[in-house]
Amino acid sequence: MITNAAIEAFRQIETPFYYYDMTLLRRTLAACVEQAQRFGFQVHYAIKANDDARIVEEVRRAGLGIDCVSGGEVSLALKAGFDSGKIVFAGVGKTDKEINLALEAGIGCFNVESIPELEVIDAIAGALGTRARIAVRVNPDIDAHTHKYITTGLEDDKFGISTRALPQLFAALRASRNIDFTGVHLHVGSQITDMKVFELECSRAIEIQKTFTDNGFAVANLNLGGGLGVDYYQPDINPVPQFDAWFETIAEHLPAAAGQTFHFEPGRALVAQCGSVITRVVFVKRGLNRTFAIVDAGMNDLIRPALYQAYHKVENLTGSGPERTYDVVGPICESSDIWGEQIVLPEACRGDLFAIRTAGAYGQVMAMPYNRRPFAKAYYSDEILK
Ligand code: LLP
């Protein structure tokens, strides 16, 4: 909920900017931690979703670990004070430099995505005179029924090792000298709101785990990835995602072996709802059949609608007139730079403040300077609402 006090504060700030509701962020983190503790689950925040320093600091205070996908993210997590043992590192294209950095830092686990990667990590660990803890990312081959650009768990995706390649993987693991196998990693996709998808993940996890144990590899850690979705349509009605349903589904459908730990890597669910893009109406332009509300935030600030046809709720924070229908568009010279077509809002005037909601995940991190536009700054509720 964007309060009246926040709207008053926004009037003084140059737009567009990111606004983070830190109270909601803390509430969301607390809900996740509370639900995870019920089952003894370990949570690693997928820092790719938002690596803003203040957000990351709140995550650290909540006691979570970090899921990284690049050396840059590993460095950032270390600099932010995360315990290196709580850092996991996935990604299909880890470079030698990144592997060296992660080994020297002593990270908790590499989520290994291919046999060549396993061999390179083994060689680099040997050269450094250390050992690498790894989990094998297996492609679960599940259709998460989300947008094709954000599915990661289908067999034809580039992620993970196909179950068909497991015999070769076991041979490579046996041949390795500097690798400690610690478990299995799965990730089915993103923005999943149907718990049936996670049930399916559990049944695949049981099969995959059996293949490992049958071959003499005990799965001490089972990492079930991230992917819990959020309500983009009703951010004020469902501000905190269903961590309870997610973890309950897993606990119910996946029996833990003795001494086994389950790990999770939510990104979006932790940070999406606390963030909004705040933007001003530059012009209201009447077209032949449509009225355009042209705002000063563009796809360079938040690329999700242009890239994935993603929906973000648009609100007129300062308009009080009768409702009218608008195409709300950004200033970028691309016809995909659209926030919403034919949406009904209180009458918009030049200077009105609009909010583009649920922008805390994959928003600021995916911003770019296209059209030579500056990066939008971030403001935090606890700093501007004093
Ligand atoms: N773990 C792995 C291995 C992942 O690939 C991802 C996301 C996550 C965890 C975190 O997933 P989440 O809980 O956030 O769904 N830019 C896209 C989303 C890309 C997700 C990539 N992988 C978007 O804006 O929708």
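Gln342 sits in strand β14, which covers residues 338-346; strands here are DSSP runs of E with at least two residues, helices are runs of H or I with at least four residues, and both are numbered from the N terminus. Most residues other than glycine have a negative phi, and most peptide bonds are trans. You'll find Pro16 in the loop between α1 (4-10) and β1 (17-20).

A quick word on the ground rules. This is a predicted model, where local features need pLDDT of at least 70 and side-chain atom pairs count only at pLDDT 80 or more, while totals for chains, interfaces and linings use all residues. Residues are numbered from 1 along each chain as its sequence is written, and side-chain values use heavy atoms, leaving out hydrogens and water.

Now step back to the whole chain. It splits into domain 1 (4-17 + 273-384) and domain 2 (22-270), with bounds that come from an automatic or database domain assignment. Their centres, taken over C-alpha atoms, are 33 Å apart. Domain 1 puts 23 residues into the contact and domain 2 puts in 24, contact meaning heavy atoms within 4.5 Å. Between them the two domains bury about 2,200 Å², with 54% of it on carbon and sulfur atoms; buried area is the accessible area (1.4 Å probe) that two parts lose on being put together, summed over both.

What holds hands across this interface? The rule finds 11 residue pairs in polar contact there, both residues at pLDDT 80 or more. A polar contact is a pair of N or O atoms within 3.5 Å; within protein, one must be able to donate a hydrogen and the other to accept it, and residues adjacent in sequence count only if both atoms are side-chain atoms. The interface also has 4 salt bridges, each a side-chain nitrogen of Lys or Arg within 4 Å of a carboxyl oxygen of Asp or Glu. Take Asp382 and Arg26, whose closest N and O atoms are 2.9 Å apart. Asp382 lies in helix α12 and Arg26 in helix α2 (residues 22-39), so this pair ties together parts that are 356 residues apart in sequence.

Finally, look at the ligand. Of the 18 residues around it, Ser190, Glu265, Arg304, Tyr308 and Tyr362 come nearest, where being near takes a heavy atom within 4 Å. A nitrogen atom of the ligand is 2.6 Å from a side-chain N or O atom of Glu265. An oxygen atom of the ligand is 2.6 Å from a side-chain N or O atom of Tyr362, and a ligand oxygen is 2.9 Å from a polar backbone atom of Gly267.
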